[in-house]
Protein chains: 2
Amino acid sequence: MARNKYPEETVELILNTAARLFTEKGFDKTSLQDIIDETKLSKGAIYHHFTSKEDIFDKICQRIGAANSERLAAVRDSKDMNGLEKLRSIFRSSMLHPNQERIAEIIPRLIDNPRILAIHVKMQFENVAPNFIAPIIREGIADGSIQAEAPEQLAEAVMILSDIWLNPAVWPVNREDMRKRCEVFRSITRSIGLDFLDDDVVEAYVDYSDAVLNNQSNK
Amino acid sequence: MARNKYPEETVELILNTAARLFTEKGFDKTSLQDIIDETKLSKGAIYHHFTSKEDIFDKICQRIGAANSERLAAVRDSKDMNGLEKLRSIFRSSMLHPNQERIAEIIPRLIDNPRILAIHVKMQFENVAPNFIAPIIREGIADGSIQAEAPEQLAEAVMILSDIWLNPAVWPVNREDMRKRCEVFRSITRSIGLDFLDDDVVEAYVDYSDAVLNNQSNK
DNA sequence: ACCTCATTTACAGACTAACGGTCTGTATGT
DNA sequence: ACATACAGACCGTTAGTCTGTAAATGAGGT
């Protein structure tokens, strides 16, 4: 086949396939041949749409980042909630998200997938914390729902703790340990004026961690 | 040259050279040829002492981990301090360590060196937190110098925050931001019964961060 | 509106350089 | 003599390049 009418579909196919393989096997252990085999495309096709394997990875990250930003921006710019409620909403939706189960099935411990871990950490620092969490905390301080100082640094600390330490995809633990982690996280956030983790969200964290753990031991 | 009298020196040469190259250029971008060129050894020599490039990396990590563990164990097992004093001592010595300047000269942002970042995170989770920080917190709770619960989880939280977020090697920031981070870290640790970061240690963090930042902009 | 044809685009796949790793050969210490 | 510490040719696989080709497209004439 030459000169496809709908090249966007080819791009999508490459991105989707590569994303799956990268999360399943890791970036290094996914070869271009793997992508070629799974997509039934040719090297020429892939290098026509992307400049390198790295480029494919970057584009996948951009796509995920954009989807994530959109979700967060909707909450941040909402007029119906105060600062604290927005924080609560974000953590609620990220944990009770519909595609949660699928992720638990696929993802290996991110700690064993350095590339994905690093980009994950980077996104928290460069995008999520400064552009979404910090403004919301600032809003919360202004509207009186949050008592705190240094919103930028608080946002960073909260995201590091919740998105790396509490994140079961990074390092899953058993139910009890996860519950204890959540409790410590709550006592920390409460003490700095940010009490936004609800009981049912904690349970979702615990369930998710357990699911990832079980899925791994099955392999 | 064949059949060297002192093969340990060859092993050391390989480990030291590889460690430097891995931190300078990253694991992936350091080729065996680079190591061969810099050591003036041959492929045969390297594969005689190591089974793979990965193996070299692992041995480097083990060496660093062992040195680190030794330092931490000495504090943990000391009879002259209570729990809180031990924590204080650890953070003091890790920041005011003699080889600090050398590291600042070499290291790129760990966030751009995924492999090293991942092993760094892993060591905190698998070794430092459970084997050293948690026991010390437990001791502090027992001797009354620390008021807290869940020492294992607290240890994890403290190490995540201090060794990733506050660590200038991971993500250096300017002096003001670093100072703010330290302040937030202090308010967090204080609130959970762990006030162990002294003013002069904060200044060391700030200086270190600034040094790493300046060094990078020079490149 | 329809046909023509040059041009651009979306691929296919042979080819290349560099990589990690293996294997055989060799000199030197024990 | 034998084991050890190398040296370096060799191999399969990898990411990335380059050339070839067929289908879509857009401009110009009818």
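A search of the whole structure, which is a predicted model, finds 0 disulfides over all chains, a disulfide being defined as a pair of cysteine sulfur atoms within 2.5 Å. Among the cysteines, A:Cys61 counts as buried because its relative accessibility is 12%, and B:Cys61, at 12% relative accessibility, likewise counts as buried; here buried denotes under 20% relative accessible area, exposed over 50%, and partly exposed the range in between, computed with a 1.4 Å probe on protein chains only.

Because the model is predicted, local features need pLDDT of at least 70 and side-chain atom pairs count only at pLDDT 80 or more, whereas totals for chains, interfaces and linings use all residues. Residues are numbered from 1 along each chain as its sequence is written, chains are lettered from A and ligands numbered from 1 in the order in which they are written, and side-chain values use heavy atoms, with hydrogens and water left out.

Over all chains, the structure holds 43 salt bridges, each defined as a side-chain nitrogen of Lys or Arg within 4 Å of a carboxyl oxygen of Asp or Glu. In chain B, the side chains of B:Glu38 and B:Arg20 form such a bridge, with an N to O distance of 2.5 Å. This pair links distant parts of the chain, B:Glu38 lying in helix 2 (residues 32-39) of chain B and B:Arg20 in helix 1 (residues 7-25) of chain B, 18 residues apart; helices are DSSP runs of H or I with at least four residues, numbered from the N terminus. B:Glu38 counts as partly exposed at 43% relative accessibility, as does B:Arg20 at 31%.

A further salt bridge joins B:Asp210 to B:Arg175, the closest N and O atoms being 3.2 Å apart. This pair also links distant parts of the chain, since B:Asp210 belongs to helix 10 (residues 199-217) of chain B and B:Arg175 to helix 9 (residues 175-191) of chain B, 35 residues apart. B:Arg175 is partly exposed, with a relative accessible area of 30%. The side chains of B:Arg76 and B:Asp77 meet in a salt bridge at 3.0 Å, N to O. In chain A, a network of salt bridges links A:Arg88, A:Arg92, A:Asp198 and A:Asp200.

Helix 10 (residues 199-217) of chain A comprises 19 residues and should span 27 Å at 1.5 Å a residue, which agrees with the 27 Å between its end C-alpha atoms; the expected span is 1.5 Å times one less than the number of residues. The buried residues of helix 10 of chain A include A:Val201, A:Tyr205, A:Tyr208, A:Asp210 and A:Asn215.

Note on methods:
Helix = DSSP H or I, 4+ residues; strand = E, 2+ residues; numbered from the N terminus.
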